[in-house]
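Visitor: I've got the model up on my screen and I'd like a quick walk around. Could you take me through it?

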Amino acid sequence: MSDRDGIQGESREPLDLLAEEFLQRVRKGESISARQFAALHPAHGQELSDLLDTLLLLENAKRDRETSVSGGRRLQLPKLERLGEYRIVREVGRGGMGVVFEAVQESLDRRVALKVLPQASLLSGNQLERFRREAQTAARLHHTHIVPVFDSGEADGLHFYAMQFIDGRSLDMVVKSLRAEPSSGASTVLRDRCRLAARLGAEVADALHHAHQQGTLHRDVKPANLLLDGDEHVWVTDFGLAKALQHDGLTHTGDVLGTLQYMAPEQFSGHYDARSEVYALGATLFELIALRPAFAAESRAELIDRIRAGRCERLRRLLPTIPHDLETIVARAMAIEPARRYATAAEFGSDLRAYLEDRPIAARRQSGLELLSGWCRRNRALASAGVIAVVATVTAAVVGWSAYWTTREALNLRTASERAAIQSQQAALQASERDRANLEDTLEVFEDVFDTIVGPDPLYALLEDAEENGATVTALRAPVDTNALALLERMLDFYDKFAERNRDNATLRHQTARSYARVGTIQERLGAHDEAVAAYERAATLLREIGDPEQKDELAALLQELGQVQVRRGQPRVAASCYSQSLEILEKGAVDPLPKVRWLGARAHYLLATVPGFREGRGELMRGFAGGPAGGADALPRARRNAARERRRDSEPSLAPPRDPLAEPSFAQLQQQARGHIEAALLTLRALLAEDQESSEYRFLLARCLIEQARMAGRAEPNLLSASMQEALAILKQLVAEQPKNDAYRFELCEAQLPPSRARSPGGPTPAVLEQLVSEARTLVEHQPLHPEFQALLARALSLWGSRVHEAESQRDPRAGLAPLEEALALQRTLGTDRKPREPRFAAEEMQTMRRIVRVKLDAGDVEAAKTTARQLVTSLIAAQREGGGFGRLEDRLGDLPQLLQRLGLSELMRELEEAERRRR
Amino acid sequence: MARRATFWSVSRMVPPPCMADDEAKLTEQLRAGDDAAFAPLFEAQRDRLRRMVQFRLDPRLFGRIDPEDVVQEVYLAAQQRLYAFRGDQHPLPLWLRLVGQQTLIDLHRRHLGASKRSAAKERAFANSHGLSGFIAGSLTSPSQAAMRDEQKQQLTVALDSMDEIDREVLTLRHFEDLTNKEVAELLGIGENAASNRYVRALTRLKGLLGGFQAP
């Protein structure tokens with residue numbers, strides 16, 4: 001290498017020249033030690049010898065790298081044409097253990113895979129012995145999923161063994177090619193891949209279990225050692241070879257980095273048993289499902305750290321639609337502590353089969369508390385004091401970290417005196433560096449806990465992938481059970497402190513905004529709507545201040561969450577303004593917006609159209625809103641413009657007549673705006689679906705928009721009503737069929753078939769259909785007994801059913817339908833009362849049931865009871881009016897109440913009601 | 001075919017005869033506009049380019065990307081930009097190395113995304129920060145890895161704590177097998193200075209490693 005300039009000694013350091021000479025000799029393969037070489041140049045003495053040692057260290061590092069990157073380059077084999085009785089056909093691959101050839105065993109004329117090890121001279125006698133022994137053991141394993149070993153031996157100084165030739169690919173190649181497919185993220189593709197992974201996993205688990213029972217461990221379970229043949233039959237290969245060849249540099253090749261990925265944490269401390277193979281198979285399945293390794297690390301050291309701490313990527317985060325059971329199974333197999341894994345490969349396999357056959361699985365998901373306690377175990381110093389102490393400690397770490405930043409910033413100041421003052425804080429600063437690392441871990445763990453208790457953070461879930469948003473579109477908020485409640489409050493404390501401490505810290509701003517958003521979500525779950533609004537608004541302010549265009553969809557999504565809380569607080573106008581702002585942000589600037597941005601846009605339109613009071617055209621609710629800068633006045637033209645853009649058409653003339661922007665929107669105008677929004681949402685969604693037909697998210701939102709459209713169409717446009725409703729129901733049924741366990745889809749399917757409670761609804765479903773809906777709703781409630789939405793659905797179904805039954809059968813039995821009505825009322829009395837103020841819709845539904853009960857009791861001749869209920873009802877109605885609840889026109893809300901009151905001789909109550917309504921206006 | 005041959009070549013075999021004279025003549029032809037001279041000249045540089053790729057490739061891409069393929073890409077990129085070489089002061093090996101660097105940057109961007117993170121990586125690339133990943137990412141067998149871990153760790157830490165320029169000199173000389181002259185040219189310093197730097201860097205590294213002995 002230096003022939004070209006090595007001679008120009010006068011311009012070079014003598015030590016440099018000597019070093020170069022030495023290096024060349026070493027590279028040529030001369031066996032000369034640093035000491036020997038240095039001895040030849042006594043003038044430089046010990047200095048040279050030391051330098052050369054350092055140089056050798058670098059040289060070793062380089063060699064390792066070359067072999068690790070290029071794999072097998074050092075396996076030098078002369079070109080082979082035959083080996084013993086085997087005629088070599090071609091080389092099929094190189095791995096850690098040698099070179100694999102396709103060959104023909106001439107005596108039997110059978111095709112074999114011949115694995116040839118490096119020259120025997122490189123193997124020690126012990127190793128050879130071990131290799132022979134392992135080959136024999138492997139040859140004794142007979143299993144449909146283990147590659148049979150036929151023969152092993154030595155020829156021409158090369159050691160080899162022959163096994164059945166499997167015409168196929170190893171799973172690492174399968175993963176590689178799947179990853180290259182553009183549709184690898186689509187949901188059906190994922191579903192198929194999950195099933196494939198589970199099936200292969202179960203079969204491999206069987207094979208491993210078989211070997212384990214014979215007392216043989218594979219010792220190197222990984223995708224590269226699992227072969228998939230043309231019939232999709234999976235084969236485990238290379239049993240025990242890793243052990244036979246370990247030590248002395250024989251497994252020196254590139255796939256070791258791969259192997260590390262699948263090593264169980266306990267292996268690093270020298271333990272290895274069958275459960276380590278359960279782990280390795282789990283990690284393999286992870287990769288097959290996610291198409292990426294379980295651990296992402298940039299260096300070996302980091303990789304080992306992550307494995308030991310169990311900090312793998314979360315499957316659900318990578319693939320939001322992964323079946324829960326499968327995720328759970330993989331997580332169990334990959335538990336850090338062997339005791340928490342499946343005890344045997346057979347158990348692992350049988351759980352995978354349970355998933356495949358849709359039976360309940362044995363593994364349980366880790367609860368938030370378990371996650372926390374897992375974290376405690378990993379941080380033993382903190383663990384003894386319990387969960388609360390952990391949170392306190394974590395909070396302290398946050399505080400400490402903030403101090404660190406302050407110190408750091410202070411250090412940037414110039415003057416010497418300031419610096420001197422700060423020097424005493426240096427030690428604290430170093431400690432803070434540790435805190436920072438801890439904090440990162442902690443934030444991660446808390447995110448996990450948060451996700452587990454609250455469900456995926458709606459805000460960030462929907463940002464990561466539109467696929468993820470199933471539950472977030474709906475009003476379906478999982479209820480918080482009392483155990484989790486305490487933990488949530490602690491977490492709130494954490495996020496709150498974090499956000500508060502770091503509010504002015506530029507570096508942490510984004511993290512802080514997220515924390516505020518989480519505080520908002522938790523507060524909302526805790527029923528503290530006002531606090532939730534405050535937190536969301538702070539998050540929004542921060543995100544606006546950051547002003548990062550990449551985070552604008554985050555802001556848009558946040559505003560949509562905020563709007564939904566405002567609706568719950570009975571502030572539809574504010575909610576509408578949030579949605580409009582969200583829409584405005586999403587529309588700004590994006591020439592060719594990403595699917596998720598378009599999806600968010602569709603969602604904003606949908607939310608706008610469904611703001612309570614909008615559809616009913618209750619003008620005064622929208623007062624002041626119409627003319628605002630981000631107001632709804634131009635919503636329709638804008639919606640139409642968007643619609644036009646989705647159609648890739650030139651803008652069409654607005655259908656709305658020009659009008660005074662400050663004028664109060666009329667009933668008809670509001671309705672028209674709502675329709676415009678739905679139209680825009682539908683167009684966007686249909687365009688999105690044209691790009692990805694599989695997405696359950698797009699389909700779900702589409703169904704909801706269609707239901708809304710049908711309801712708006714109402715009786716005025718029966719054709720649109722039935723067409724949209726039919727399409728919506730078909731989509732929902734399909735979704736339920738695809739994901740029978742998804743309660744959100746079942747809920748929506750029931751919901752769609754129940755006419756909205758707020759409107760008078762003649763016609764509608766028959767008693768038979770309603771009975772069916774009641775039973776569906778009961779199933780949902782049994783599933784999640786505490787879920788208020790499910791209870792509300794059941795109550796509404798019961799109430800309507802009771803009313804219809806009464807209409808149909810009151811001639812025969814005047815008390816018909818009373819039982820379901822009373823059950824409904826009992827449920828409705830408690831619904832929503834845990835939050836102040838109570839959401840108006842709950843009160844509205846309760847009153848509707850009361851009205852129906854009045855009617856039944858009256859028909860049954862129980863006049864006094866009817867009067868009592870009627871009085872209660874009127875009192876509630878007047879109270880609701882005072883609070884501004886009860887949307888829509890009075891006559892809509894009252895239904896047949898005036899007639900009922902007349903029949904009861906309580907007409908004065910009617911006058912009171914009308915008086916109250918006048919006062920309100 | 002050439003690839004195959006290198007694959008099977010044994011270190012004791014004599015490298016393909018590529019005489020310095022030939023090289024000079026071919027380079028002259030290439031500069032004069034004879035594109036046909038490029039292939040044999042590139043062949044002579046192939047191993048070094050591969051080493052550079054091996055060293056600079058992000059560890060996250062191990063197993064996904066074959067360095068040999070990257071070298072092939074460098075070949076194509078260089079071939080298309082021969083006009084640029086003709087207007088360039090650098091000798092061919094260094095020019096090829098620059099093309100190789102750019103190819104790697106593009107590759108990293110493509111595979112690892114153009115996030116802020118990878119922008120940082122690219123900067124790191126330029127000053128051989130990848131060294132830590134390189135050493136730490138270089139693996140032997142799992143069991144050996146554990147034994148060597150400490151040694152690696154020390155080397156990594158030591159290299160990380162060095163001056164950028166010291167680190168770069170060691171990198172170029174040891175991991176990319178550049179000659180002193182080439183290093184000098186690349187860093188824009190005199191040969192004497194480069195040689196000084198090298199010995200000084202080596203001495204410092206030795207110091208940082210303390211009494212640690214090579215195996």
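Visitor: How many helices and strands are there in chain A?
Guide: Bear in mind that this is a predicted model. In chain A, the tally comes to 39 helices and nine strands.

Visitor: And what share of the residues in chain A is buried?
Guide: To count as buried, a residue needs 20 or more other C-beta atoms within 10 Å of its own. Chain A has 921 residues, and the buried ones make up 46%.

Visitor: Of the contacts in chain A with a separation of 6 or more, what percentage comes from residues 24 or more positions apart?
Guide: A contact here has C-beta atoms within 7 Å. Residues 24 or more positions apart account for 65% of those contacts in chain A.

Visitor: Is Arg219(A) buried or exposed?
Guide: You'll find Arg219(A) in the loop between α6 (187-213) and β8 of chain A. Its phi is positive, near 80 degrees, though the residue is not glycine. Arg219(A) has 22 other C-beta atoms within 10 Å. The cut-off is 20 or more, so Arg219(A) is buried.

Visitor: What about Glu232(A), buried or exposed?
Guide: Glu232(A) sits in the loop between β8 and β9 of chain A, and has a positive phi of about 60 degrees without being a glycine. Inside 10 Å it has 10 C-beta neighbours. A residue with 12 or fewer falls in the exposed class, so Glu232(A) is exposed.

Visitor: Last one: how many of the 16 residues of α25(A) are buried?
Guide: Helix α25 (residues 572-587) of chain A reaches 22 Å from first C-alpha to last, close to the 22 Å expected at 1.5 Å a residue. The helix α25(A) is mostly covered, and its buried residues number 13.

Notes: Residues are numbered from 1 along each chain as its sequence is written. Chains are lettered from A and ligands numbered from 1 in the order in which they are written. This is a predicted model: local features need pLDDT of at least 70, side-chain atom pairs count only at pLDDT 80 or more; totals for chains, interfaces and linings use all residues. Helices (H or I, at least four residues) and strands (E, at least two) are DSSP runs, numbered from the N terminus. The expected span of a helix is 1.5 Å times one less than its number of residues. Two residues are in contact if their C-beta atoms, placed from the backbone, lie within 7 Å.
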